[in-house]
Amino acid sequence: CTVSQTLCDELPNGGNPEVSEKILNFVEFYSQHLAVPIRRNLDDPLVQKGQALFAKAGCESCHKTNVKTGEREGLPALSNQIIHPYTDMLLHDMGEGLADNRPEYLANGREWRTAPLWGIGYTEEVNGHTYFLHDGRARNLMEAVLWHGGEAENAKQTVLTFSQTERDALIAFLNSL
């Protein structure tokens, strides 16, 4: 609470610290062991075609399909697991169109961490919208793809060569994640 927030000081709080170490450990364990959203429609030919087009466009160069987790002492359920986050978690130059020119820590104003795509198909159901990218400027997944530039320019240009049917397949694949 700041000095000007007098009411804040009068409200009940959990003390200092607000939560015990034991409760914090339980919450941490719980959140670390939550499953990711399950993929849907794996056997749908449109989704399978979209997955092939995702690879053809070169999207997998940043949105890695398979990642192996590290060794976590005392947490065998999290250790050395193959997961499918569709990210490399690295910074990439996304071009002038997405640049905010605001450097933050190791990222310059044109770099963004590759967002994980797993669960992206649940965005509308969970959040009630389909706004994507760091600032919500893309109103749908295809717009998000088309905002890619910089290191992803070639992938975007490949997607632009796709027919409408192929683009629909690509979006069906993304929505399956």
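Predicted model: local features only at pLDDT ≥ 70, side-chain atom pairs only at ≥ 80, totals over all residues.
Residues are numbered from 1 along each chain as its sequence is written, and side-chain values use heavy atoms, with hydrogens and water left out.

**View 1. The disulfide of cysteine 1 and cysteine 8.** A search of the whole structure finds one disulfide, the term standing for a pair of cysteine sulfur atoms within 2.5 Å. Its partners are cysteine 1 and cysteine 8, whose sulfur atoms are 1.9 Å apart, and with -65 degrees about the S-S bond the link is left-handed. Cysteine 1 is exposed, at a relative accessible area of 58%, while cysteine 8, at 30%, is partly exposed (buried means under 20% relative accessible area, exposed over 50% and partly exposed in between, with a 1.4 Å probe and protein chains only).

**View 2. Cysteine 59 and cysteine 62.** Cysteine 59 is in no disulfide, and the nearest cysteine sulfur, that of cysteine 62, is 8.9 Å away, which is too far for a bond. Cysteine 59 is buried, with a relative accessible area of 14%, and cysteine 62 likewise counts as buried, at 14% relative accessibility.

**View 3. The largest pocket and its lining.** A pocket is found on a 1 Å grid over the protein atoms alone, as an open set of points where a 1.4 Å probe fits, with protein on both sides within 12 Å along at least five of seven lines, and its lining residues have an atom within 4 Å of a point. The space in the largest pocket is about 790 Å³, where grid points are joined across faces, edges and corners and the volume is the space filled by probe spheres set on the points. Of the 34 residues that line this pocket, His63, Ala115, Leu117, Leu133 and His148 lie nearest its centre. Two or more lining residues come from each of α3 (45-57), β4 (111-113), α5 (141-147), α6 (153-161) and α7 (164-176), and the largest share, four residues, is given by α6; helices (H or I, at least four residues) and strands (E, at least two) are DSSP runs numbered from the N terminus.

**View 4. The second largest pocket.** With a volume of about 220 Å³, the second largest pocket has a lining that includes Gln32, His33, Thr69, Gln81 and Trp118.

**View 5. Serine 79 and its polar contacts.** Serine 79 lies in the loop between β1 (67-68) and β2 (82-83) and is buried, with a relative accessible area of 7%. Its side chain reaches the backbone nitrogen of arginine 72 at 2.7 Å and the backbone oxygen of leucine 75 at 3.0 Å; a polar contact is a pair of N or O atoms within 3.5 Å, of which, within protein, one must be able to donate a hydrogen and the other to accept it, and residues adjacent in sequence count only if both atoms are side-chain atoms.

**View 6. Asparagine 41 and asparagine 101, each with a positive phi.** Asparagine 41, in the loop between α2 (21-32) and α3, has a phi near 60 degrees. Asparagine 101, with phi near 55 degrees, lies in the loop between β3 (91-93) and β4 and is exposed, at a relative accessible area of 51%.
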